[in-house]
Amino acid sequence: MIVAELLKECNTVLDVVEEYVLGYLRCTLGYLPDIDEMISDELYVEVFNSILADE
């Protein structure tokens with residue numbers, strides 16, 4: 001998966017802005033990823049579920 005897909009999914013399904021998701025990714029990865037960067041499916045699910053739990 002690419003970061004852009006996660007951003008779109010979180011925005012569409014959870015109504016969460018991109019900056020929030022990128023901030024979460026930055027904390028998780030230790031750096032700010034590029035939107036075209038590949039991330040693992042496990043990380044994709046972890047981030048999505050964590051943001052969902054915060055809502």
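At what angle do the axes of α1 and α2 cross, and within what distance do they come? In this predicted model, the two axes cross at roughly 130° and come within 9 Å.

## The α1/α2 pair

The crossing in which α1 passes α2 is right-handed. On the α1 side the contact is made by Val3, Leu6, Leu7 and Cys10, which meet Glu18, Val21, Leu22 and Leu25 of α2.

Leucine 7 lies in helix α1 and counts as buried, at 3% relative accessibility. Beyond residues up to four places away in sequence, leucine 7 touches Glu18, Val21, Leu22 and Ile35.

## The loop between α1 and α2

Aspartate 15 is found in the loop between α1 and α2. Most residues other than glycine have a negative phi. Aspartate 15, a residue other than glycine, has a positive phi near 55°. This aspartate is exposed, with a relative accessible area of 64%.

## Helix α2

The 12 residues of α2 should span 16 Å at 1.5 Å a residue, and the end C-alpha atoms are 16 Å apart, in agreement with that expectation. Three residues of α2 are named as buried: Val21, Leu22 and Leu25. They cover an arc of only 95° around the axis, and therefore lie on the same side of α2. An α-helix has 3.6 residues a turn, so residues three or four places apart point the same way. The other side of α2 carries the exposed residues Glu19, Arg26 and Cys27. The buried residues pack against both α1 and α3. After α2 comes glycine 30, with a positive phi near 90°.

Valine 21, in helix α2, is buried with a relative accessible area of 0%. Not counting residues up to four places away in sequence, its contacts are Leu6, Leu7, Cys10, Val16, Val47 and Ile51. Valine 21 and valine 47 are 26 residues apart in sequence, and their C-alpha atoms are 8.0 Å apart in space.

## Helix α3

Helix α3 comprises residues 41–54; its 14 residues should span 20 Å at 1.5 Å a residue, which agrees with the 20 Å between its end C-alpha atoms. Its buried residues are Leu43, Tyr44, Val47, Phe48 and Ile51. These residues cover an arc of only 130° around the axis, which puts them on the same side of α3.

The face turned away from the buried side of α3 carries Glu42 and Ala53, both exposed. The buried residues of α3 pack against α1 (3–14) and α2 (18–29).

The axes of α1 and α3 are 11 Å apart and pack at an angle of about 25°. That angle makes α1 roughly parallel to α3, because angles under 35 degrees count as roughly parallel. The crossing of these two helices is right-handed. In this contact, Glu5, Leu6, Glu9, Cys10, Val13 and Leu14 of α1 meet Tyr44, Val47, Phe48, Ile51 and Leu52 of α3.

The axes of α2 and α3 come within 11 Å and cross at roughly 120°; the two helices are therefore oblique to each other. Their crossing is right-handed. Here Tyr20, Val21, Tyr24, Leu25, Thr28 and Leu29 of α2 meet Leu43, Glu46, Val47, Ser50, Ile51 and Asp54 of α3.

## Summary of the helix arrangement

The crossing is right-handed for α1 and α2, for α1 and α3, and for α2 and α3. Valine 21 of α2 touches residues including Leu6 and Val47; Leu6 belongs to α1 and Val47 to α3.

Terms used. Residues numbered from 1 in each chain as written. Predicted model: local features only at pLDDT ≥ 70, side-chain atom pairs only at ≥ 80, totals over all residues. Heavy atoms only, no water. Helix = DSSP H or I, 4+ residues; strand = E, 2+ residues; numbered from the N terminus. Expected span 1.5 Å × (residues − 1). Buried < 20%, exposed > 50% of the residue type's maximum accessible area, 1.4 Å probe, protein only. Arc of directions from axis to C-beta. Contact = heavy atoms within 4.5 Å. Axes fitted to C-alpha atoms, helices over the stretch in contact; angles between N-to-C directions. Parallel < 35°, antiparallel > 145°, perpendicular 65-115°, else oblique. Left-handed = near helix turned anticlockwise from the far one by under 90°.
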